[in-house]
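Visitor: I would like to learn how to read a protein model. Could you take me through a few features, one at a time?

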Amino acid sequence: MDVYEGLEGKKVLNLSQLNLDNLDLDHVGEEKKRDTQQLLLVYNRFTMLPGSICHFSNLVFLDISYNRLAFICEDILRLSKLKTLVAKNNRLDEFSLPKDFGTMSLEVVNFSGNRFEEFPSEFLNLQRLQSLSLGANRLKTIPAEIENLTSLELLYLGGNSITSIPPELANLPYLSYLVLCDNRIQSIPPQLAQMHSLRSLSLHNNLLTYLPREILSLFQLQELSLRGNPLVVRFVKDMTYDPPSLLELAGRTVKSRNLPYKPEDLPGNLVRYLDLASKCPNPKCGGVYFDSCVRHIKFVDFCGKYRLPLMHYLCSPECSSPCSSNPQSDADSEDENSVPAHRMQKVLLG
């Protein structure tokens, strides 16, 4: 019932499409068990990962996709050399994994097309994980502890019900490919501008109405997918403004008039407050703001072809002139020839 073949120099045992519901190894010799590095169990009828899997002591790659898998037994922990685990399109959820799953040396995990409603806490301990795919599940949130996966290079979470992106995602130093398409995300945290390794960001089919201006700092970004968002089909042009408090008015006066102050002159909390002043981006204003500001959409050219609405924060409604929401009056748009080669190469809007 098995086919033994070579694939990219690795010994492969292919037991796919055999209608199996258990893993009977009576006809697999000890040498073959020891030498097998890739095991394919795709398109069978397994409801749990069989314990006999542990007999493949040198297994590096395991694919048990397209089964009825609802539980992964603790015997998988004995596969000390396993690097890639693929279990797409099964019935797994956050209760299906052994509690010590996070101690494994996995580098690639693909559990797309399952029934996870919460991000599995066991995944957050996989210190060597480089690629994680949990697309087409039922996830609603991304935990802040995602920042623990410091080796992660690819994160695929498309096709869930995620409503927000945690700022902690920006603490992943090697993340290059981030896929969050087909979710319910309404905004992008400006902290993502710190993701200096990011090359591809997929956000299509969400609920985005604007992008933070900080996204322009992603100098390594080569592809940004935005189609199917309100910002593409319906540009936002409204303003919101909260009147400043007396504290803010006083702080603005101190900072805008460059009044000197020292720690010995003011309580520590006021000194810290004054140090948090943000400069108004209107070059004709020169004002500052703290908590009260005008949210405003500014249209910016990417690659000389597409105009994207980026969020700006101004100190008052009177500062809106140079940041007009009228695409035709945006003075500081970039034309196609002025965009450096290392800037964004693809903006996918349609």
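Predicted model: local features only at pLDDT ≥ 70, side-chain atom pairs only at ≥ 80, totals over all residues.

Visitor: Is Arg115 buried, partly exposed or exposed?

Guide: Residues are numbered from 1 along each chain as its sequence is written, and side-chain values use heavy atoms, leaving out hydrogens and water. Buried means under 20% relative accessible area, exposed means over 50%, and partly exposed is in between (1.4 Å probe, protein chains only). Arg115 has a relative accessible area of 38%, so the residue is partly exposed.

Visitor: Where is Arg115 found?

Guide: Arg115 sits in the loop between β8 (108-110) and β9 (131-133). Helices (H or I, at least four residues) and strands (E, at least two) are DSSP runs, numbered from the N terminus.

Visitor: What is a salt bridge?

Guide: Side chains of opposite charge can pair when their charged atoms come close. A salt bridge is a side-chain nitrogen of Lys or Arg within 4 Å of a carboxyl oxygen of Asp or Glu. A search of the whole structure finds 4 of them. One joins Asp21 to Arg45, with the closest N and O atoms 3.6 Å apart. This pair links distant parts of the chain, 24 residues apart: Asp21 is in the loop between β2 (10-14) and α1 (30-35), and Arg45 in the loop between β3 (38-40) and β4 (48-49). Asp21 is partly exposed at 42%, and Arg45 is partly exposed at 28%.

Visitor: Which residue forms a salt bridge with Arg252?

Guide: The partner of Arg252 is Glu248, and their closest N and O atoms are 2.9 Å apart. Both lie in helix α3 (residues 246-256), 4 residues apart, about one turn of the helix. Arg252 is buried, with a relative accessible area of 13%, and Glu248 is buried at 1%.

Visitor: Which residues of helix α4 are buried?

Guide: In α4 (residues 268-275), they are Val271, Tyr273 and Leu274. Looking down the axis of α4, these buried residues fall within an arc of 160°, so they line one face of the helix. The arc is that of the directions from the helix axis to the C-beta atoms.

Visitor: What does the face of α4 turned away from the buried side carry?

Guide: That face carries the exposed residues Arg272 and Asp275.
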